[in-house]
Amino acid sequence: MIIQTGQRTDIPAFYSEWFCNRIKAGEVLVRNPFNPQQITKYSLNPDVVDVLGFCTKNPEPMLKHMDLLKPYRMYWFVTITPYGREIEPNVPPKEQVMESFKKLSEIVGTDRVSWRYDPIFLNETYTIERHIHDFKQMAETLAGYTKVCVISFIDLYEKVKRNFPEVRSLTKEERLMLGKELIQIAGNYDMLIRPCAEGTELSVYGADCRGCMTKEIYEQAAGTHLNFPNKKGARENCACYLSGDIGQYNTCGHLCRYCYANVNAENVHRNMKMHDPKSPLLIGHVMPGDKIHVAEAKSWANRQMSIFDLYD
C-alpha cells in the first residue's frame, strides 16, 4: 500500500519528530476530515508499505532522520517557488530550500524526488517575465538533482479567494505562453515538465500531461509493479493516485496565502497547540466516542521480477 503524508499538511517541515515516532511505533492514527469521530489506523510496517509519499516546502527537518527511513521506498515532491514572505510567510528562503533539495536528492536519488513550481499566479510583482527569470535561475541551481518539475496554475477555491483576494489566475493565452517558456527552460537543464491537473493543453510543447503522482511514478519509486485498488483523483483532469493520507487539514504552519488546506491562521494556530509528538494522532488524542477502523495492511507489490528490478 501507499502512505501519503502531504496532501493535507507539511509533515516534514513541522511534524518530523511525530512522524519518526510513528515510524518507530509501526502504526499511525488518522481522523476522517469529514467525520472526526472516525479514525483509521494504518500500519507503517515496511513489509506492507510499498511507497511513502512526501510533499513539503522544507525537507530540512527530516534530513537528519533519513537513516530511519532506509527500509522504505519513497517519493518526494518539494515545492520551491519565487514568492516572498508576503505570500509564503513561514517558508524558508528559496536558496535554503534548494540546498536542502540537493541533500535530499543525494540521499534518495534523482528518480525519487521532483521539484514543484506551483501554484503559478500573476500580480504586479510576479509577472510572466518574473516567473521566466526566476524559474531559469532555479532550474540552473537544481540541474542534475531531479529529472522532473511539476507545475500548476492557481485554482481559485473559496478559501483562496477569502485569504488572497487580490490574486489573479492566468488566462489560457497566458498559460500557454508561460508554459511553453518553462518547458523549454526545463528541457535545457534535462528536466521534464509535468503539469498538475491542467489537462493536455501543454503537451504540444513537450510537457508530460499524464499526471504528477500517478501509478507509474509510484511504481518507479517502489522499484516494481503494483496492483492498485481502484481510486479516483481529487479533481477534474487529475490523474494522480491518492492513497492513505496521514495528515490533517488546518495544521500547516507555512500559512501560504494561496493554500487550499487551511481555512485561516487562527484554526492552524489552535490545532498546532494541540499537537503532541507522542500521540498516535497528528493533532490531539483519541477521545471517548471515537471509532477506530483498521485499514487493510497489504503490500500491492507484484512479487514477480520486473524491469524495475534491473535498475534497483
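Colleague: Let's start with the strands: how many bridges join strand 2 to strand 3, and do they run parallel or antiparallel?
Modeller: Keep in mind that this is a predicted model. Strand 3 covers residues 35–43, and one of its residues, Tyr42, is the bridge partner of Val28. The two strands run antiparallel, and the number of bridges joining them is six.

Colleague: Thanks! Which strands are the edge strands of that open sheet?
Modeller: The open sheet has three strands in the order 2-3-10, with mixed pairing. An edge strand here pairs on one side only. From one strand to the next, the twist averages 30°. The edge strands are strand 2 and strand 10 (291–294).

Colleague: On to the rings: how many aromatic pairs does a search of the whole structure find?
Modeller: A pair of aromatic rings is described by the distance of the centres and the angle of the planes. Searching the whole structure in that way, the number of aromatic pairs found is 14.

Colleague: What kind of aromatic pair do Phe54 and Trp76 form, and how many residues apart are they?
Modeller: Their rings lie 4.1 Å centre to centre with 15° between the planes, and the pair is stacked. Phe54 belongs to strand 4 (residues 51–56) and Trp76 to strand 5 (residues 74–79), which makes this a link between distant parts of the chain. Phe54 and Trp76 are both buried. So, a stacked pair, with a separation of 22 residues.

Colleague: And why is the pair of Trp115 and Phe135 counted as stacked?
Modeller: The ring centres of Trp115 and Phe135 are 4.9 Å apart. Trp115 sits in strand 6 (residues 113–120) and Phe135 in helix 5 (residues 128–142), 20 residues apart. Planes under 30 degrees apart count as stacked. The pair is therefore stacked because its planes are at 20°.

Colleague: Are those two residues, Trp115 and Phe135, buried or exposed?
Modeller: Buried means under 20% relative accessible area. Trp115 has a value of 0%, so Trp115 is buried. Phe135 also comes out at a relative accessible area of 0%, so the word for Phe135 is buried.

Colleague: Which residues of helix 2 are buried?
Modeller: Helix 2 spans residues 16–25. What covers its buried residues includes helix 1 (11–14), strand 2 (27–32), strand 4 and helix 3 (60–63). Just after helix 2, Gly26 takes a positive phi of about 85°. The buried residues are Ser16, Trp18, Phe19, Cys20, Arg22 and Ile23.

Colleague: Is Asp190 buried or exposed, and which residues is it in contact with, leaving aside its neighbours within four places in sequence?
Modeller: Asp190 lies in the loop between helix 7 (172–188) and strand 8 (192–195). Its relative accessible area is 66%, so Asp190 is exposed. Asp190 and Lys147 are 43 residues apart in sequence, yet 6.4 Å apart in space, C-alpha to C-alpha. The contacts of Asp190 are Thr146 and Lys147.

Terms used
Residues are numbered from 1 along each chain as its sequence is written. This is a predicted model: local features need pLDDT of at least 70, side-chain atom pairs count only at pLDDT 80 or more; totals for chains, interfaces and linings use all residues. Side-chain values use heavy atoms; hydrogens and water are left out. Rings of Phe, Tyr and Trp (its six-membered ring) pair if their centres lie within 6.5 Å; planes under 30 degrees apart count as stacked, over 60 as edge-to-face and the rest as tilted. Helices (H or I, at least four residues) and strands (E, at least two) are DSSP runs, numbered from the N terminus. Buried means under 20% relative accessible area, exposed over 50%, partly exposed in between (1.4 Å probe, protein chains only). Contact means heavy atoms within 4.5 Å. Two strands pair if DSSP finds at least two bridges between them. Axes are lines fitted to C-alpha atoms, for helices over the stretch in contact, and angles run from 0 to 180 degrees between N-to-C directions.
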